[in-house]
Amino acid sequence: MKYVKLLYEYIDVFLNFIYPRNIYCILCSASIDRDEEYSICYECKRKLKFIYGKTCEKCGKPLNDLYLINKCNDCVDNTYFFTKAVSCLEYDDLSKKIIYDLKYHKKRYISYHIAEIIYDRLKEENISCFDIIIPVPLHEAKERERSFNQAYLIGKYISKMTEIEVDNKALLRVKNTVTQNKLTKEERMTNLEGAFKVVNKDNINHKNILLVDDVFTTGATVNRCSKILLENGAKRVYVATLATGRNM
Ligand SMILES: [Zn+2]
Ligand SMILES: [Zn+2]
């Protein structure tokens, strides 16, 4: 049984390796022109809520034009340790599908297109002054179960695009926490206590870090990672995620 599972994993890796980019839409499977950005068809691109215009200067969530200040209510009330976070899409059923297809349906090739979207957003936001890319780690038990860490796959492609090193060994998740989205805001905070550990201080010392993850919800996870990275000598932490919610 173990060998059959292994065989399927190899087939899966192989199919992901040969998957032709920019032929089918990653969302609806319609055939597309080769020059269509992100391997997403025009219709799906139109439906996705790309974030642009007014955003919170701290957490990157979209703000409606009625906001008089450039910070969302959440960022006025909370202390975030990272310098700035940016996101590309509003989290809804469509952007969720991209993330779920990667994470749970194991369509690894999607990580390349997520990296492309994040890379363009970083350019738009003028975030280029980072020295190292660190993916939000998974606990090793969860990584074994899923067979990959989606944040690391995305980080690896951003690394290829920017030619900046990605390090998935410096920051580890040492506590196998309950999935954050089932918890209240307060529970999320305690759930993450002692969850992360820096094991390679030398590689983060005095460096500006780009922390990468798939979704920014309350920001509790990336905030905890930022705190521990800064406590261990990092200079600044920027956060980049594919999707985020909207604060009312
Ligand atoms: Zn489509
Ligand atoms: Zn904010």
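I count a contact wherever heavy atoms lie within 4.5 Å. With that rule I looked up Thr244, which touches Ile51, Gly60, Lys61, Pro62, Ser87, Leu89, Glu90, Tyr91 and Phe216, leaving aside residues up to four places away in sequence.

**Ground rules**

I am working with a predicted model, in which local features need pLDDT of at least 70, side-chain atom pairs count only at pLDDT 80 or more, and totals for chains, interfaces and linings use all residues. Residues are numbered from 1 along each chain as its sequence is written, chains are lettered from A and ligands numbered from 1 in the order in which they are written, and side-chain values use heavy atoms, with hydrogens and water left out.

I found Thr244 in strand E6 (residues 236–244). Helices (H or I, at least four residues) and strands (E, at least two) are DSSP runs, numbered from the N terminus. Thr244 is buried, at a relative accessible area of 0%. For this I take buried as under 20% relative accessible area, exposed as over 50% and partly exposed as in between (1.4 Å probe, protein chains only).

I then turned to Ser95, which sits in helix H4 (residues 93–103). Ser95 is buried too, with a relative accessible area of 0%. Its contacts, again without residues up to four places away in sequence, are Leu48, Leu89, Glu90 and Ala243.

**Entry: the zinc ion (ligand 1)**

Which residues hold this ion? I see Cys25, Cys28, Cys41 and Cys44, each through SG, at 2.3 Å. Donors here are N, O and S atoms within 2.8 Å of the metal (3.2 Å for Na, K and Ca); water is not among the atoms, so sites may look incomplete. The four donor atoms subtend angles of 102 to 115°, so the arrangement is tetrahedral. That label asks that all angles among four donors lie between 85 and 135 degrees; four count as square planar and six as octahedral if opposite donors are over 155 degrees apart and all others between 65 and 115, and anything else is irregular.

Along the chain the donors are spaced C-x2-C-x12-C-x2-C. Cys28, in the loop between helix H1 (2–18) and H2, and Cys44, in helix H2, link distant parts of the chain, 16 residues apart. I noted Cys28 as partly exposed at 39% relative accessible area, whereas Cys44 is buried at 5%.

**Entry: the zinc ion (ligand 2)**

Here the protein donors are the SG atoms of Cys56, Cys59, Cys72 and Cys75, lying 2.3 Å from the ion. The site is tetrahedral, with angles of 105 to 118° among its four donor atoms. Its donor residues are spaced C-x2-C-x12-C-x2-C in sequence. Cys59 and Cys72 both lie in the loop between helix H2 (42–47) and helix H3 (73–77), so the pair ties together parts that are 13 residues apart in sequence. Cys59 is buried at 2% relative accessible area, and Cys72 is buried at 0%.

**Entry: two domains**

I have domain 1 as 1–47 and domain 2 as 48–244, with bounds from an automatic or database domain assignment. Their C-alpha centres lie 23 Å apart. The contact takes 17 residues from domain 1 and 19 residues from domain 2.

How much area do domain 1 and domain 2 bury between them? I read about 1,600 Å², 60% of it on carbon and sulfur atoms. Buried area means the accessible area (1.4 Å probe) that two parts lose on being put together, summed over both. On the domain 1 side, Ile26, Leu27 and Tyr38 lose the most area to domain 2, together 39% of what that side buries.

**Entry: salt bridges**

I call it a salt bridge when a side-chain nitrogen of Lys or Arg is within 4 Å of a carboxyl oxygen of Asp or Glu.

I looked up Arg246 and Glu90, whose side chains meet at 3.0 Å, N to O. Arg246 is in the segment after E6 and Glu90 in strand E1, 156 residues apart. Arg246 is partly exposed at 36% relative accessible area, while Glu90 is buried at 15%.

Glu125 pairs with Lys84, the closest N and O atoms being 3.5 Å apart. Lys84, Arg121, Glu124 and Glu125 are linked in a network of salt bridges.
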